[in-house]
Structures are given as structure tokens and as C-alpha cells.
Amino acid sequence: MRLGLDIGGTKTDAVVLDDGGALAHRLRAATGLGADAVVATAVTLIERIASEAGLEPASFDSIGVGIPGQVDTATGHVWHAVNLGVDELDFGGRVSERIGVPVSVENDVKAAALGAYHLLPGRQQERSMAYLNLGTGLAAGLVIDGRLWRGARGAAGEIGHIPVDPQGVLCPCGQRGCLETVASGSAIARQWPSDDPIPIRSLLAAAEAGDGAAQRIRDSFVDNVAAAVRVLVLTLDVDTVTIGGGLSALGDWLLDSVREVLGRWAADSAFLASLGLSDRVRVVPAGFPAAAVGAALVGAGTSHPVVSLGEQRDERVVSWLK
């Protein structure tokens with residue numbers, strides 16, 4: 001059995017995969033803020049879910065963790081996990097010391113890419129997938145032939161920092177007008193201040209009611225998400241682009257809107273039409289634990305091709321895929 005954790009800014013998701021790749025157990029808990037609290041959150045959930053499975057942490061075949069920020073997968077060190085209140089942390093080492101067994105650590109978006117690739121329907125026909133994470137920021141994880149593609153320095157998929165407007169707002173990365181500044185949760189919150197804890201919900205309601213400013217922000221958001229899909233296909237020619245992250249909860253509306261933009265571009269460009277962009281994009285089902293599942297697979301080891309989970313999935317997984 002394999003254990004995977006997805007450490008998010010507010011919640012941490014823990015899952016156990018059985019030997020057939022089915023989801024056997026799942027727990028969620030609030031994530032603590034700051035280095036010590038993040039480590040404590042991980043240790044507590046590992047111990048709790050191991051107890052639920054009737055096991056000790058050392059009994060798992062592997063333990064993997066997906067966490068925001070820059071990750072050294074060889075050492076388990078994490079940098080710049082801003083939403084967790086972490087600047088630098090020997091996360092893997094400290095968690096391993098507490099539970100007494102090795103822990104593999106991966107960036108959360110890359111882990112989610114691996115989880116989506118191996119559990120979403122249709123992958124048996126695909127060699128490649130880009131996982132486009134739309135959350136507070138924007139980034140992509142890339143899976144080629146079952147393996148994560150990190151690039152020469154781990155920056156593969158950081159398309160949120162491709163400038164699209166040289167005169168645009170300053171991005172946290174230091175550049176101006178990056179894709180993330182117009183197609184992310186933080187971009188919506190900046191452009192549409194709201195008391196709603198989910199600003200895009202307020203934005204879409206105002207746009208539907210005829211507010212011109214809201215419509216312009218909404219349309220810019222959708223156009224730039226579509227642009228992110230186009231970038232991923234034009235640079236890597238992946239079989240599919242799977243949209244995940246917090247904003248993927250927009251579901252069919254987001255998918256239909258992005259496909260509409262891609263279709264409009266294809267009508268004006270025979271080249272884009274030949275690529276079938278609209279048919280390549282999909283959205284992760286609501287509630288699907290992609291990052292936690294991917295972390296469990298990362299824990300299995302990345303020096304060899306990731307094992308297939310097969311086409312048999314138990315009902316606890318299938319329910320997320322419908």
C-alpha cells in the first residue's frame with residue numbers, strides 16, 4: 001500500500017492506495033501555518049491514516065508528499081512555499097525523522113499531474129498530458145510516457161511566468177504582465193475586489209447581470225486560460241491538457257468557455273484548426289484528489305517508469321470520475 005499527502009494552503013489531503021491502485025482510505029485536515037506547523041500537520045495525518053488502515057507508517061511500501069513551492073526532490077528541501085508561511089524547510093528530512101521512514105517530496109502541481117494522468121479515464125490512449133493548474137497562481141505539470149518531465153532545472157511547466165503584456169502589472173516573479181497576472185485566482189481577486197470568499201463567483205454573477213467591467217475581466221480570464229492551453233500544445237504537442245486546481249471547480253462552464261475561445265481561434269487559423277485544440281482540453285472532476293494520488297505515486301520512486309494502475313478502479317475512485 002502507498003500513502004500520499006497533498007499539503008495545501010488551507011487543507012491537507014491524505015490518501016492510501018491499495019496494491020491494485022484503488023483508493024482505500026482518505027482523510028483531510030487543516031494545514032498549519034509556518035514550518036513547524038506544516039511538519040506537524042504532515043506527521044499527524046500520516047499517523048492518523050496509517051492507524052485507520054491498521055498499519056504503522058513503516059508498513060507502507062512508500063510515502064510521498066506534494067507541497068507548494070520549489071522542491072529539491074533529491075533532498076526533500078522546500079523553498080518559497082509562501083502560502084504555507086515557509087521560506088526554506090528541510091521538509092522531507094524532518095518528517096522522515098519524526099515517523100522513522102523515508103518520505104519522497106514533490107511540487108504539488110507536478111504531483112497532481114501524475115495523479116491525473118494515471119487515474120483519469122482515457123489515459124490508455126495517451127502518451128502525454130499537461131496538467132494546467134488554475135489556483136492562486138498558474139502553472140503546469142507535464143507527464144510524458146508515465147514520467148514527470150521537470151526540465152533541466154525543474155522549471156518545466158512554469159508557463160504562468162510567460163509575459164503576455166509587457167505593460168501589464170508586476171508579477172511576483174519580477175516580470176510584468178505574466179500569464180498568471182490575468183488567468184489565476186489572484187488575478188481575479190486583484191481585478192475584482194469582493195467580500196465573497198470566492199471572488200470569481202461574485203465576478204461571474206455580476207457579469208451575468210450585465211456589468212460591463214465584470215464581463216471584460218471574465219472574458220480576459222477565459223481568453224488567457226485558452227492561451228495557456230494553446231501554449232502547452234504548441235510547445236509540447238501533448239495529447240491532452242487537463243485543467244485542475246481550485247478554479248477547475250467552475251467545471252462545465254470553464255470547459256465550455258475555453259473550448260468556445262479555442263474554436264473561435266481555429267475558425268480564423270487553418271493551422272490551429274489542424275491541431276484540434278478544443279478536443280484536447282478537459283477539466284478534472286470536482287473533488288478528485290489528484291495531488292494526493294500523485295504524491296502516492298511519486299513515493300513509489302521516479303527513477304523507474306511509474307507503474308500502471310490498470311483499468312480496474314473501485315467505486316470510491318469511480319465516483320469522482322463520473
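How many salt bridges does a search of the whole structure find? I ran that search on this predicted model, and ten salt bridges were found.

**Entry 1. Domain layout**

I began with the division of the chain. Domain 1 comprises 2–112 + 291–321, and domain 2 comprises 122–283. I then took the centres of the two domains over C-alpha atoms; domain 1 and domain 2 are separated by 26 Å.

**Entry 2. Salt bridges**

I looked up Glu-126 and found that it pairs with Arg-282, with 3.5 Å between the closest N and O atoms. This pair links distant parts of the chain, 156 residues apart: Glu-126 lies in the loop between α3 (108–119) and β9 (128–134), and Arg-282 lies in strand β13 (residues 281–283). Are Glu-126 and Arg-282 buried or exposed? I noted a relative accessible area of 11% for Glu-126, which is buried. Arg-282 is likewise buried, at 17%.

I turned next to Asp-145, whose side chain meets that of Arg-127 in a salt bridge at 2.8 Å, N to O. I recorded Asp-145 as partly exposed, with a relative accessible area of 42%, and Arg-127 as exposed, with 56%.

Asp-223 belongs to helix α6 (residues 212–236) and Arg-264 to helix α7 (residues 251–268); the two are 41 residues apart, and the pair links distant parts of the chain. Asp-223 is partly exposed at 29% relative accessibility, and Arg-264 is partly exposed at 40%. I also noted that salt bridges with shared partners join Asp-13, Arg-26 and Arg-28 into one network.

**Entry 3. Helix α7**

I checked the length of α7. Its 18 residues should span 26 Å at 1.5 Å a residue, and the end C-alpha atoms are 27 Å apart, which agrees.

Which residues of α7 are buried? I listed Gly-251, Leu-254, Leu-255, Ser-257, Val-258, Val-261, Leu-262 and Trp-265. These residues lie on the same side of α7, because they cover an arc of only 170° around the axis. On the face turned away from that buried side I found the exposed residues Asp-252, Glu-260 and Ala-267. I then asked what covers the buried residues of α7; the cover includes β9, α6, β12 (240–244), α8 (270–275), α9 (277–280) and β13.

**Entry 4. Nonpolar cores**

Which members of the largest nonpolar core touch the most other members? I found Leu-132 and Phe-221 in that position, in a core of 44 residues. At least two residues of this core come from each of β9, β10, α5 (199–208), α6, β12, α7, α8 and β13. The largest share, eleven residues, is supplied by α6.

With neighbours within four places in sequence left aside, its contacts include Leu-138, Ile-159, Val-225, Val-229, Leu-232, Val-241 and Ile-243. I also recorded a second, separate core of 32 residues, with Ala-14, Ala-29, Val-65 and Val-105 among them.

I located Ile-63 in strand β4 (residues 62–67). Ile-63 is buried, with a relative accessible area of 3%. How far apart are the C-alpha atoms of Ile-63 and Val-103? I noted a separation of 5.3 Å, although the two residues are 40 residues apart along the chain. Beyond neighbours within four places in sequence, Ile-63 is in contact with Leu-3, Ile-46, Pro-57, Ile-99, Val-101, Pro-102, Val-103, Ser-104 and Gly-299.

I then inspected helix α2 (residues 91–99), in which Phe-91, Gly-92, Val-95, Ser-96 and Ile-99 are the buried residues. They are on the same side of α2, because the arc they cover around the axis is only 120°. Among the elements that I found covering these residues are β1 (2–7), α1 (35–52), β4, β6 (77–81), β7 (86–89) and β8 (104–107).

Note on methods
Residues numbered from 1 in each chain as written. Predicted model: local features only at pLDDT ≥ 70, side-chain atom pairs only at ≥ 80, totals over all residues. Heavy atoms only, no water. Salt bridge = Lys/Arg side-chain N within 4 Å of Asp/Glu carboxyl O. Helix = DSSP H or I, 4+ residues; strand = E, 2+ residues; numbered from the N terminus. Buried < 20%, exposed > 50% of the residue type's maximum accessible area, 1.4 Å probe, protein only. Domains from an automatic or database assignment. Expected span 1.5 Å × (residues − 1). Arc of directions from axis to C-beta. Contact = heavy atoms within 4.5 Å. Core = buried A, V, L, I, M, F, W, Y, C linked by side-chain atoms within 4.5 Å.
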